[in-house]
There are 2 protein chains.
Amino acid sequence: MLKITRKVEYALIALRHLQQNERGKLCSAKTLSTEYGIPKELLAKILQKLSKENIILSVKGPKGGYKISKDSNTINMTKFFEIMEGPMGIVDCYFDSNCEQLSGCTIREPINRINNSIRSMFDKMTLADITFK
Amino acid sequence: MLKITRKVEYALIALRHLQQNERGKLCSAKTLSTEYGIPKELLAKILQKLSKENIILSVKGPKGGYKISKDSNTINMTKFFEIMEGPMGIVDCYFDSNCEQLSGCTIREPINRINNSIRSMFDKMTLADITFK
DNA sequence: TATAATACGATGATTTTAGTCGTATATAAC
DNA sequence: GTTATATACGACTAAAATCATCGTATTATA
């Protein structure tokens, strides 16, 4: 419980690498995959998602690959997690609420408070805090 | 990702009920189960665990059941989560580390910082914050 | 002695997460 | 223009975690 997924982990590893890479230099999914022992196809899809969201930039063809984009610094961790995994909340009932507590949920408020605390914590944390420091 | 489990959810609902119950009055697993629409056997096991950890007190036999213990106020959420689910961390490599990053994990430190932030947040939060307020 | 409760381990089902495969598209180099 | 190497993307399979059930033992009340 309260875990981040491998997808997020892999994304952070890749982003850190690209972030610290020489400016403008491209790095392919294959390179990253072999360097960090991450399944290639899986990493590829992760990089594609990051690219789609303009966190990284992609170049196709031989000698192609990815590099970090300027946007990456401005993104906070809440947004990053939601890009990678969809809506973030410690319980599901915030998004797809088909929860059927017979007599009304008694822990909604306290759960809400926990949730807000976590979100506000990640709001204040930028992607660069993870990929640089 | 970053979700609490149903087990924890059910525990909190049950604890809140017991907390707000008349002092000394017992409440059975069956009662709680039907009142909140929680699978009986599952809830039973959760209550047994809480009892084993002295968060609640159990009485066997007909007219038996559970009631809140005094200890429950002194427990923080980090401890509570760990009682319910074992070691708490946003990644596994803190406990059973058989992680095989070929060239050393590059995100260990930042992940650590996130982890500490979450833990310290839950350290400051008591079970009573959830079951009372 | 029958009944209603907790105690607990084993097993099965479901859901989520992780990983793979196949195919299309773009582009550099020859 | 053909080949090789890269990204793009959707469908599928595998593995793991979570959720739930079952069976049986124990305890204590009436």
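Does B:Thr131 count as buried or exposed, and at what relative accessibility? I opened the notebook with this one. The model is predicted, and I kept that in mind throughout.

**Entry 1: one residue of chain B**

I looked up the accessibility first. B:Thr131 has 1% relative accessibility. The cut-off for buried is under 20%, so B:Thr131 counts as buried.

Next I found its place in the chain. B:Thr131 belongs to helix α6 of chain B, residues 127–131.

Then I listed its neighbours, leaving out residues up to four places away in sequence. B:Thr131 touches B:Leu12, B:Leu15, B:Arg16, B:Gln19 and B:Gln20. With B:Gln19 there is also a polar contact, side chain to side chain, at 3.2 Å.

**Entry 2: where the chains meet**

I turned to chain A and chain B. How many residues of each chain are in contact with the other? I found 40 in chain A and 40 in chain B.

**Entry 3: polar links and helices**

I counted 2 salt bridges between chain A and chain B. One joins A:Asp92 to B:Lys3, with the closest N and O atoms 3.5 Å apart.

Which helix of chain A gives the largest share of the side that touches chain B? I found α5(A), with 8 residues. By type, that side of chain A divides into 23 nonpolar, 8 polar and 9 charged residues.

Conventions:
Residues numbered from 1 in each chain as written. Chains lettered and ligands numbered in written order. Predicted model: local features only at pLDDT ≥ 70, side-chain atom pairs only at ≥ 80, totals over all residues. Heavy atoms only, no water. Contact = heavy atoms within 4.5 Å. Salt bridge = Lys/Arg side-chain N within 4 Å of Asp/Glu carboxyl O. Helix = DSSP H or I, 4+ residues; strand = E, 2+ residues; numbered from the N terminus. Nonpolar A, V, L, I, M, F, W, Y, C, P; charged D, E, K, R; others polar. Buried < 20%, exposed > 50% of the residue type's maximum accessible area, 1.4 Å probe, protein only. Polar contact = N/O pair within 3.5 Å; in protein donor to acceptor, adjacent residues only side chain to side chain.
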